[in-house]
Amino acid sequence: KCLLPCIIHRMLTGLTLPIRVFAVWQIQCAVELSGQTQPKPTTKPLLTVAVPVYNEVATLLEIHQRVLSVPLDLEILYVDDGSTDGSREVLLEQIAGSDARVRVVLHDVNQGKGAAIMTAIKHASGELFIVQDADLEYEPLDYLSLVKVFGVPDVQVVYGSRFLRRR
């Protein structure tokens, strides 16, 4: 089993490194509409998991449970990017409010995955940031291996690959 393709990076006092991301995670329970702001959690989690969502109704609840089961101090930030398949309703009715570590942000119209990730970065409060696709392609338990590397001094970015063998 290989590490998920992702980039995890350390948040730098409101500034973030230029990144391309491929996975997402947790945040405080709430719902936000595009353009509205909401206070970040008062305690800073270790990891923000950003989950861009666009028409993923079939896998949303499963990925939500998998991410919640990861034994890390995290927040999950779902960004719905204008879904039309019922994903938005699942987020609002079943996921938002289900756990204090979860927050949902809504785009009024589809803006693309990059815009969803930028929205997540803007709302993230974790020391570390990772993107988790909502389609079950990546294994959330792989976050443990990625986060462990940040114990090495001066590490700012960790790249994972599903094409490399685990060592």
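In the predicted model, strand S3 (residues 47-53), helix H1 (residues 60-68) and strand S4 (residues 74-81) form a β-α-β unit that is right-handed, in that the path from the first strand over the helix to the second runs clockwise with the strands pointing away from the viewer. Helices (H or I, at least four residues) and strands (E, at least two) are DSSP runs numbered from the N terminus. Residues are numbered from 1 along each chain as its sequence is written. As the model is predicted, local features need pLDDT of at least 70 and side-chain atom pairs pLDDT 80 or more, while totals for chains, interfaces and linings use all residues; side-chain values use heavy atoms, without hydrogens and water.

S3 pairs with S4 in the parallel sense over seven bridges, pairing requiring at least two DSSP bridges between the strands. Leu77 of S4 is the bridge partner of Ala50. S3 also runs parallel to strand S6 (residues 128-131), to which four bridges join it, and Leu128 in S6 stands opposite Leu47.

Because seven of the seven residues of S3 are buried, the strand is largely enclosed by the rest of the structure; buried denotes under 20% relative accessible area (1.4 Å probe, protein chains only). Leu47, Val49, Val51 and Val53 point one way from S3, and Thr48, Ala50 and Pro52 the other way. In a regular strand the side chains alternate between the two faces of the sheet.

In H1, Leu60, Ile63, His64, Val67 and Leu68 are buried. They cover an arc of only 130° around the axis, and therefore lie on the same side of H1; the arc is that of the directions from the helix axis to the C-beta atoms. These buried residues pack against S3, S4, helix H2 (87-95), strand S5 (102-107) and helix H4 (143-148), with contact taken as heavy atoms within 4.5 Å.

Conventions:
Buried means under 20% relative accessible area, exposed over 50%, partly exposed in between (1.4 Å probe, protein chains only).
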